[in-house]
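Have a look at the picture, then read on.

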Amino acid sequence: MKTYFLEQLISSPHASSTDTVPVELASCVLTIGNFDGVHLGHQAMLAQVREIAHTQNLGAAVMIFEPQPREFFAPAKAPARLTNLAEKQALLAEYGVETLIVAGFDTEFRSLSAQAFADILAKRLNVKALVLGDDFRFGHDRTGDSQFLRGYGLDVTNLHTVTDSNTNNDNTDSDNVDTTDNDAARISSTRVRDLLLAGDLQAANRLLGRDYAITGVVVRGDQIGRTIDFPTANIDLQRIKPALYGIFAVDVVSLDDNGNVIADGLTALATDGHTGVAGLRPHSVFGTANIGKRPSVDKGDDWRLEVHFPQLQADLYGLNLHVRFLHFLHGERRYDGLEALKAGIHQDVADLLEWRDKQI
């Protein structure tokens with residue numbers, strides 16, 4: 001999958017003759033949205049894009065926004081991110097997207113009129129057809145919708161609300177693919193967030209079509225865990241706040257620069273024979289994760305994902321780790337002092353190892 005930022009694909013009206021010529025995209029079918037989580041509803045949209053692209057011999061493309069619009073307007077009140085940009089890129093590529101266009105959501109972008117945005121789609125991005133949600137609106141005055149784009153001359157397919165009972169709907173014969181079912185709940189990023197916040201991993205995973213995971217690089221933290229004999233890998237979240245918090249069982253693999261799992265990537269780094277506890281998937285190591293604000297160490301609004309690997313001794317700094325959440329134990333707790341914190345972590349690790357042993 002090729003990724004472009006929108007600024008790369010459109011010329012500034014003030015560009016000089018010495019500026020780089022914008023990239024010219026091949027003709028494509030495009031869908032537009034946040035695609036946070038790339039859940040089953042999003043996957044149905046992507047399947048429709050691929051089908052039309054195949055039928056019309058076009059490329060399959062997606063436009064997303066960074067930051068997401070609500071993060072731009074009110075960062076402190078914006079919904080928690082299910083996926084950061086890198087995670088979203090990897091998932092969209094996995095589901096067959098050939099071209100990803102990242103639109104920087106800023107004052108200039110949100111000021112575009114519906115006409116100006118349609119001009120960008122048709123004249124700059126070479127869009128020949130679109131797949132959109134039935135409630136999609138665009139343009140500074142929000143006058144742009146599917147009907148506006150049809151009037152402009154673009155082919156638009158509307159995919160209506162995707163619910164629990166119709167995610168396998170393969171009907172692609174109509175310009176308006178109706179997957180609405182009033183007796184089933186709508187699949188949405190908000191619903192996935194609510195389930196993760198409640199610790200209901202099984203239900204969230206069902207809506208995602210996969211196990212929920214976070215990918216990030218191991219960076220240096222406060223190293224408090226070392227002082228109480230529970231060293232942790234501090235994983236860069238790359239989001240304002242995560243979508244879940246508390247204490248979890250996880251299994252973790254190391255990824256290479258292309259996002260592929262490195263065979264035994266963590267155990268190969270082990271020293272003194274401390275290779276850790278095997279995870280539940282190939283090449284993984286089992287861990288106990290704390291994701292939250294660490295109330296016992298008074299770090300305020302500093303969100304962290306910290307993973308302790310029982311029986312593993314290794315230098316993990318700089319590794320890109322894929323952390324898969326397996327089981328929710330409990331929410332974050334405030335302990336009265338480091339000794340109480342140490343005792344609490346000791347019990348959590350014991351409980352999660354016991355849970356892991358029951359899965360084998």
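## Around strand 5

Cys28 sits opposite Val127 in strand 5. This is a predicted model, where local features need pLDDT of at least 70 and side-chain atom pairs pLDDT 80 or more, while totals for chains, interfaces and linings use all residues. Residues are numbered from 1 along each chain as its sequence is written, and side-chain values use heavy atoms, with hydrogens and water left out.

| Partner of strand 5 | Sense | Bridges |
|---|---|---|
| strand 2 (residues 28-32) | parallel | four bridges |
| strand 6 (residues 155-159) | parallel | five bridges |

On the strand 6 side, Ala129 stands opposite Asp155. To get from strand 5 to strand 6, the chain passes through helix 7 (residues 146-152) in a right-handed β-α-β crossover (clockwise from the first strand over the helix to the second, with the strands pointing away from the viewer).

Is strand 5 (residues 127-133) mostly covered or open? Covered: six of its seven residues are buried, meaning under 20% relative accessible area with a 1.4 Å probe, protein chains only.

Over in strand 10 (residues 246-255) you'll find Ser254, which counts as buried because its relative accessibility is 1%. Beyond neighbours within four places in sequence, its contacts (heavy atoms within 4.5 Å) include Asn260, Leu266 and Leu321.

Zooming out, the protein has eleven helices and 13 strands, and 47% of its 360 residues count as buried.

Technical notes
Helices (H or I, at least four residues) and strands (E, at least two) are DSSP runs, numbered from the N terminus. Buried means under 20% relative accessible area, exposed over 50%, partly exposed in between (1.4 Å probe, protein chains only). Two strands pair if DSSP finds at least two bridges between them.
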